[in-house]
Amino acid sequence: MARGDPRGEFIDMQCALERFKEDLEVRDTLRERTQALLAEHEAQWLKPLGLRSREVRWSRGFIHEVWLTPERLGAVEHALLRGAPLRTLHLRGLEGSAAKLERALASPLMEVVTVLDLNQEGLGPDAAEVFTRIPSLTRLRKLRLTYNHLGFEGARALASAPCLGGLTHLDLHDNEVGPGGTRAIVKSPHFVHLHVLALGSSGAGEVDEQMLFGDDGAHVLARATHLSHLRGLYLECSGLTDKGAWMLAQAPHLAELRTLSMPNNQVGRAGIRALVERVSRLEALKIGSNRLGLAGMRAVTGGLSRLGKLDMGDNGPGGAKALWESPRMTELRYLRLSDGQVGDDGARMLASSPHLSRLTTLELHANGIGSEGARALANAPPLAGLTSLNLSDNFLGDEGARALGTASCLHQLSTLNLSLTRLGGEGVRALVSGPHLRNLTELTLDYNPIGDDGARALADSTSLSRLNRLSLMRTGMTDAGLRALARARDLSRLKSLSVQGNTYTEAGVRALASAKWAVSLKNLALPPQWVRSLPDQGRPFLEELAHLMPHVRIPR
């Protein structure tokens, strides 16, 4: 790096962020310096490319991703080809138009793009037909088409597009391609190099069951033996039963899967046993909200020794017991047991398991855990490596918060979600008064009656200096609480603050805007209904805030 060269320093800083992933203090310092360099020089760096700050994401000192409409793409494509090693394009503003998509795909920039994101753009079968007319997308490896309306016809069109022959990742989540579309995709000679295939559904709204992947889709995929490179399969909310799971398990080309995601299906003990026996090299399994029961969960914990990520919440009681009994879960780093009827006894089992010592993320939403369970988790040496803990929608109360706040075993926590846990102002003070949560970067306290006393406790704390995100939705705060937050001594790194659903006036928000730490804020979430209730639907007030906080995004 040349002395006095800001761009060279920026590259060094971002590369260092990739190297120091575990050292929080070093990362804080590096992050602050990169943000300072961007604040001072980003506009100058982007000007030759014709790009705007909100359109880019940097990685290792270079522009790695851009968010562009077709019109903006046409305006900057040649400059980008000359001046940025672009790899990922998020195409926005298509509004379901196949014509706009075709113009965008004709851009010379598409010759260097490796990841194309077309998620949630209202695209139908005619948009999929566009790919059949594109002569070449030489370097395209990942195509994301989540939440569109391709259907069977769109899937069939994609399957006949030679320009997609280099794809390794294809995401058709929530497109209702059905078994027929699945058949077209998996039989296509252009998709033989696929490593990852997503054909699931969100389950939102009314879904035609005939358009789900289902057991018929499993039958089609099980016969597609030429897909021998497949390592990731995503079948969320797909109408799968034990029959479909059994067919997938018998497919020899699926035996090498490393990631299998099939939550919100109807797979039971027999189906999961078949999968565990035949697809035994899984490293990530999402099987939540099925019908496993204790026997099925035991099959998972007793049969898969390579798992680093496991979601088996909402499968009936016994998940914690199955984990506690098994010595094979030693590689687990992420565990989700939400809605698993864990209770205090299950929390004690998890806390006492020596085989879970590598866990970094623990999700225990809605499990009937009380203060005793919280105390067990907080004082569990095997869980000392946790960096993210979700205990939302449990019965912790102030005593549970006190247990968490005084627990030296949780000193590495960076993300803590305690929404809907019956905390009051006293509980918040007990939580943030101790020295053990100094590494927190995200704290969520939504839907707790913490009131203005809770806001004062947060403001008085000296343990929140690393906090980047604070969410206080529907917590009973008034102007007094906002004024207290404005006086906080230790929120200088706060980037995002949500105070929706509270009772305050313009005076309270003005107090926040005048806070010394507000200069670091990037996002402030205010209730849209409250803003619209102000004179002229809040326009004068929003203009005032924009003047006071020009650097802050306020969703309207």
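Guide: Let us begin with a term: a cavity is a set of grid points where a 1.4 Å probe fits but cannot get out. In this predicted model, the largest cavity holds about 90 Å³ of space.

Visitor: How many cavities of 30 Å³ or more does the structure hold?
Guide: There is 1 cavity of 30 Å³ or more.

Visitor: Which residues lie nearest the centre of the largest cavity?
Guide: They are Glu176, Val177, Leu199, Gly200 and Met211, out of 14 lining residues. The lining of this cavity divides into 6 nonpolar, 6 polar and 2 charged residues.

Visitor: What makes a space a pocket rather than a cavity?
Guide: A pocket is an open set of points, while a probe in a cavity cannot get out. The largest pocket has about 1200 Å³ of space. Of its 32 lining residues, Gln35, Leu38, Glu42, Lys495 and Lys522 are the closest to the centre. Two or more lining residues come from each of α1 (6-19), α2 (24-46) and β1 (56-59).

Visitor: Which element gives the most to the lining of the largest pocket?
Guide: That is α2, with 9 residues. By kind, the lining of the largest pocket has 9 nonpolar, 11 polar and 12 charged residues.

Visitor: What about the second largest pocket, and what is its volume?
Guide: The second largest pocket has a volume of about 250 Å³. Among the residues that line it are Lys21, Arg27, Asp28, Ser414, Glu442 and Arg469. The lining of the second largest pocket splits into 1 nonpolar, 4 polar and 7 charged residues.

Visitor: Now a single residue. Why is Asp215 called buried?
Guide: The relative accessible area of Asp215 is 15%, and buried means under 20%. Since 15% falls under that cut-off, Asp215 is therefore buried.

Visitor: Where does Asp215 lie, and which residues is Asp215 in contact with beyond its neighbours within four places in sequence?
Guide: Asp215 lies in helix α8, residues 214-222. Leaving those neighbours aside, Asp215 is in contact with Gly239, Leu240, Thr241, Lys243, Gly244 and Met247.

Visitor: How do you know that a pair of residues is in contact?
Guide: Their heavy atoms must be within 4.5 Å.

Visitor: Which residues of helix α14 are buried?
Guide: In α14 (residues 371-378), the buried residues are Gly373, Ala374, Ala376, Leu377 and Ala378. Their cover includes α13 (343-352), β13 (361-363) and α15 (397-405).

Visitor: What share of the residues in the protein chain is buried?
Guide: Buried residues make up 54% of the 556 residues.

Visitor: How do you know that the radius of gyration agrees with that of a compact globule?
Guide: For 556 residues, a compact globule would have a radius of gyration near 24 Å. The protein chain has 25 Å, so the value agrees with the rule. As for the overall extent, the C-alpha atoms fill a box of roughly 65 × 60 × 55 Å along the principal axes.

Visitor: How many helices and strands does the protein chain have?
Guide: The protein chain has 21 helices and 19 strands. Of the contacts with a separation of 6 or more, 78% are between residues 24 or more positions apart.

Notes:
Residues numbered from 1 in each chain as written. Predicted model: local features only at pLDDT ≥ 70, side-chain atom pairs only at ≥ 80, totals over all residues. Heavy atoms only, no water. 1 Å grid on protein atoms, 1.4 Å probe; cavity = no way out; pocket = protein on both sides within 12 Å on 5 of 7 lines; lining within 4 Å. Points joined across faces, edges and corners; volume = space filled by probe spheres on them. Helix = DSSP H or I, 4+ residues; strand = E, 2+ residues; numbered from the N terminus. Nonpolar A, V, L, I, M, F, W, Y, C, P; charged D, E, K, R; others polar. Rg over C-alpha atoms; globule rule 2.2 N^0.38 Å. Buried < 20%, exposed > 50% of the residue type's maximum accessible area, 1.4 Å probe, protein only.
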